Amino acid sequence: MKLFARPKCFSEAIALVTNLSCFLGLRIFEYPRGHPRPILSLIYFLFMFGIYYSGSRIIEEKYYLNIRLMKLEYVLYKILRYVHVMSVILNMLLGWWYTNKFRASHKKIFKIDETLRQLGLSENYNSIYFMTIGMITVWITGSFILSIVAFIHLRIRTNICTAVYIILCSMYPLTVNSINIFEFYLFVRCLQIKFELINRFLCENLINLSRNKIKLNIFELKEYAKIMDVEQQKHIFFSTMIFRRLHLELCKVSKIVCTILGVQVAWEIVAIIMHLSGASYNLFIRYIMYQYKVKGVPAQTALTLSMSLLSIFKIVFVCRICKNAANEGNKTIEIIHAIYGCNTDTDMQEEIQQFGIQILQSPVTFSVFGLTLDNRILTMILKSVTIYVVIMVQMSITLESDNAVQDTQF
């Protein structure tokens, strides 16, 4: 596929993200194309993880060796380090394990596209394609800026080579977690576009029915059903029947996506809560307790705030698209009930009734471990962070006032 050429399917639209995932060790790569190499991919991702893990150990030994920390800070740094390591290995293992389901979901979406094209509804993936290009460009630019800020801060305590190694090892887990979140967003966005196509088609049929009814000046549904063209009724009936099956397939795809990426998203929510709590506590330490003793406070503050804003942006990014896609998918039932009142054909009534029951029994939702992804997630995160920060501050004051326990070093 040529760069900036119009993608023909969803897999082509997100090819850049897929290739980047393979490069990071999150997917089974194919060489040559169409021939997956699971064993070589497993060896490759273990090699990538080994480099990252050894780098994280070096960071702990060289960078934090001579930094005096508060007692609670020591525990938090240890916990966050293990959280990052677990996050990377979890994303790698799940990505490798669910690669076949990823391909199956791509095939399902391709078949849905073929059916939509036969009905005269063409899918345009340009928006998703250029979004991937834009987001990757923004990510590279943002990572470069953050790396410069981090390098300025790290040069205070270490040499150039160690500073660069620390930055690379720190950016790797951040990139791994972010690309999974972005891939989840792209799948949900694709489903939202398809729900919009279905609703638009049904709305157009409803508008056409209403216009014909006004032109005929008929107020009784029975008389209107006799006059209305039989072929048009058949067309609407079969279209509704096809869209009911398409809607069901889209719901199945949404469940597959929540299965293959749900653990990563849930883990990322937990990691964001821990990161925001640690960042807030860190700023409290720097500005309230040790404001005159810590070097490079502005650089630390800029880096901490940037990472915190990035975490908040990621969760808002995902929850908003999930809410919009779910609303669009469940909106179909309103259109169905409107059509149900405009047609008295028995078969049509039964088909529309089955469509409505299907949506009521299996509504479109995006959830991970029973946690629905919508705007309430952000409120839950902020509440949790506030509670944890208050607890940590109280614990820190208590521990620091205990003279029997000395400051701890890494």
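This is a predicted model: local features need pLDDT of at least 70, side-chain atom pairs count only at pLDDT 80 or more; totals for chains, interfaces and linings use all residues.

Student: How much of the protein is buried?

Tutor: Of the 410 residues, 46% are buried. As for contacts between residues at least 6 apart in sequence, 84% of them join residues at least 24 apart.

Student: Which residues does UniProt list as "transmembrane region"?

Tutor: The unreviewed UniProt entry puts that annotation on residues 9-29, 41-59, 79-98, 128-152, 164-188 and 265-285.

Student: What does the model show over 128-152?

Tutor: Residues 128-152 are 100% helix and 0% strand, and the end C-alpha atoms are 36 Å apart.

Student: And what about 9-29?

Tutor: There the chain is 67% helix with 0% strand, and 19 Å separates the end C-alpha atoms.

Student: Which residues lie nearest its centre?

Tutor: Trp139, Ile140, Ser143, Met171 and Thr175 do, out of 34 residues that line the second largest pocket.

Student: Which helix gives the most to that lining?

Tutor: Helix 7 does, with eleven residues. Helices that each supply at least two lining residues include helix 2 (15-24), helix 3 (38-63), helix 6 (126-154) and helix 10 (297-330).

Student: How many of the lining residues are nonpolar, polar or charged?

Tutor: In the lining of the second largest pocket, 27 are nonpolar, six are polar and one is charged.

Student: Switching to the nonpolar cores: which residues touch the most other members in the largest one?

Tutor: Phe10, Ile128, Phe184, Phe243, Phe366, Leu373 and Ile381 do, in a core of 85 residues. Helix 7 provides the largest share of this core, 18 residues. There's also a second, separate core of ten residues, with Ala150, Ala163, Met171 and Leu310 among them.

Student: What does Leu373 touch?

Tutor: Leaving out residues up to four places away in sequence, Leu373 touches Phe184, Val265, Ile269, Val318, Cys319, Cys322, Lys323, Phe366, Ser367 and Val368.

Student: Let's stay with helix 7. Is Glu183 buried or exposed?

Tutor: Glu183, which is in helix 7, counts as buried because its relative accessible area is 2%, under the 20% cut-off. Beyond its neighbours within four places in sequence, Glu183 is in contact with Val17, Thr18, Ser21, Arg27, Phe102 and Leu261.

Student: What does Arg189 touch?

Tutor: Arg189 is in helix 7 too. Not counting residues up to four places away, Arg189 touches Ile128, Glu196 and Ile321. Arg189 and Ile128 are 61 residues apart in sequence, with 7.9 Å between their C-alpha atoms.

Student: Now helix 11. Is Ile335 buried or exposed?

Tutor: Ile335 sits in helix 11 (residues 332-340) and is buried, with a relative accessible area of 6%. Cys203 is 132 residues from Ile335 in sequence, and their C-alpha atoms are 6.7 Å apart.

Student: And Ala338?

Tutor: Ala338 is also in helix 11. At 30% relative accessibility, Ala338 counts as partly exposed. The C-alpha atoms of Ala338 and Cys203 are separated by 9.2 Å.

Student: Where is Val364?

Tutor: Val364 is in the loop between helix 12 (346-361) and strand 2 (367-368). With 2% relative accessibility, Val364 is buried. Apart from neighbours within four places, Val364 is in contact with Phe195, His247, Cys251, Ala325, Ala326, Gly329 and Asn330.

Student: Last one: what does Ser277 touch?

Tutor: Ser277 lies in helix 9 (residues 230-289) and counts as buried at 5% relative accessibility. Not counting residues up to four places away in sequence, Ser277 touches Val385, Tyr388, Val389 and Met392.

Methods: Residues are numbered from 1 along each chain as its sequence is written. Side-chain values use heavy atoms; hydrogens and water are left out. UniProt positions are given in the numbering used here, feature names are shortened, and annotations may be inferred rather than shown by experiment. Helices (H or I, at least four residues) and strands (E, at least two) are DSSP runs, numbered from the N terminus. On a 1 Å grid over the protein atoms alone, a cavity is a set of points where a 1.4 Å probe fits but cannot get out, and a pocket is an open set with protein on both sides within 12 Å along at least five of seven lines; lining residues have an atom within 4 Å of a point. Ala, Val, Leu, Ile, Met, Phe, Trp, Tyr, Cys and Pro count as nonpolar, Asp, Glu, Lys and Arg as charged, and the others, Gly among them, as polar. A nonpolar core is a set of buried Ala, Val, Leu, Ile, Met, Phe, Trp, Tyr and Cys residues joined through side-chain atoms within 4.5 Å. Buried means under 20% relative accessible area, exposed over 50%, partly exposed in between (1.4 Å probe, protein chains only). Contact means heavy atoms within 4.5 Å.
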